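This report walks through one protein chain for a reader who has not seen it before. The sequence and the model come first, and the description follows.

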Amino acid sequence: MVTTKVKGEWYEITIPEQWNQVSVDHLFRNIWKASKKQIHFMRMEKHVLMNGEIAQWEKPLQTGDLLMMKVFGEEASEVLPEYMPIEVLFEDEHFIIFNKPAGMDTHPNEPGQKNTLANAAAFHVLSQGVQRNVRHIHRLDQDTSGCILFAKHSLAGVIADKLLEERKIKRTYSALVHGHLKKLSGTIHEPIGRDRHHPTRRRVSPKGQNAITHFSALQFFEKEKLTFIQCQLDTGRTHQIRVHLSHMKHPLAGDTLYGGKPIFSRQALHAARLTFTHPFTLEKVDVTCPPPKEFSAYMKDQ
């Protein structure tokens, strides 16, 4: 665990043994893997101090040194803050994990759109008395519920983007699919592209983007011939789980767009768990989100 402290607009980190003899430049560029644009901005604006003085970016840090970063300055939100009762599963100075309800967009798809999770996130932060441009790190389909990660300042955002790109943010999904899977676990590695015959649907296509989904079957239900499964993604393509499972001839229950029967009012897909190593504290963030009532009630009745 790393000792940290918030001091107004500044975030103070006591350099742990793991970062001994590492330069500030190496910390930002190679450990946190912040973007060149972010590093240039913080360097030029002198937003990084070491032991109370402007940081010498090439000088090695020592265990116990105090690194201070100005990351909590006011920043206008890009979306309109709007109150909505949203469950917070995890929150600290840098990140928020919300439980997104089904039927809600992750972010506005056109200027001025409201009633999205991004609007609710902006209001949530504003209600704490701070002006921030909180933004989503990944997204969920409108009718998919569960864990979704937001960053509360720009440095946290660019670092989390890289963590996601490098598959260091693990996302586990729960789903109910039609049929009984012949294999209890496996990996679907099929490229996904647009379906030229439909404006929103995707399909497995040789010319599509690389997509990898790992799955494991947890429970079978005889009444409706459904299987309860968990999935993990190595990539984040639009409708990835829905497309891959439909391609396997096991579409999601309720997912009528991809061949599922309307057992539920929406696809039976839920982001159940999100884990990553916190870039600043080095602690493991491990958040779970129970399945929504309509799915858990169905499973209890079987």
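How many Å apart are the mean positions of the positive and negative charges of the chain? The mean positions lie 7 Å apart, with 40 positive and 33 negative charges in the chain.

The model is predicted. The chain holds 6 helices and 17 strands. Its C-alpha trace spans about 65 × 40 × 40 Å along the principal axes. A compact globule of 302 residues would have a radius of gyration near 19 Å, and the chain has 22 Å, which agrees. Of the 302 residues, 49% count as buried. The chain exposes about 15,200 Å², and carbon and sulfur atoms supply 49% of that area. Among contacts between residues at least 6 apart in sequence, 65% join residues at least 24 apart.

**The open sheet**

Five strands form an open sheet in the order β1-β2-β5-β3-β4, and their pairing is antiparallel. At the edges are β1 (4-7) and β4 (53-54), each of which pairs on one side only. Strand β1 is joined to β2 (residues 10-14) by 4 bridges, and the two run antiparallel. Here K7 stands opposite W10 in β2.

Strand β16 covers residues 269-277 and is mostly covered, with 7 of its 9 residues buried.

| Partner of β16 | Sense | Bridges |
|---|---|---|
| β9 (residues 145-151) | parallel | 2 bridges |
| β10 (residues 170-178) | antiparallel | 6 bridges |
| β17 (residues 284-288) | antiparallel | 5 bridges |

Strands of a sheet pair through backbone hydrogen bonds, either parallel or antiparallel. Individual residue pairs can be picked out for each partner. S145 has H270 in β16 as its bridge partner. T172 stands opposite R273 in β16, and L274 stands opposite V287 in β17. The hairpin of β16 and β17 has 6 residues between the strands, and in it L282 takes a positive phi near 65 degrees.

**Helix α5**

Is helix α5 mostly covered or mostly uncovered? Helix α5 (residues 240-247) is mostly covered, since 6 of its 8 residues are buried. The buried residues are Q240, I241, R242, V243, H244 and L245. Just after α5, K249 takes a positive phi of about 70 degrees.

Terms used. Residues are numbered from 1 along each chain as its sequence is written. This is a predicted model: local features need pLDDT of at least 70, side-chain atom pairs count only at pLDDT 80 or more; totals for chains, interfaces and linings use all residues. Side-chain values use heavy atoms; hydrogens and water are left out. Two strands pair if DSSP finds at least two bridges between them. Buried means under 20% relative accessible area, exposed over 50%, partly exposed in between (1.4 Å probe, protein chains only). The radius of gyration is taken over C-alpha atoms; the globule rule is 2.2 Å times the number of residues to the power 0.38. Contact means heavy atoms within 4.5 Å. Accessible areas come from the Shrake-Rupley method with a 1.4 Å probe; for residues, only the protein chains shown count as cover. Lys and Arg count as positive and Asp and Glu as negative; His and the chain ends are not counted. The place of a charge is taken as NZ of Lys, CZ of Arg, CG of Asp or CD of Glu.
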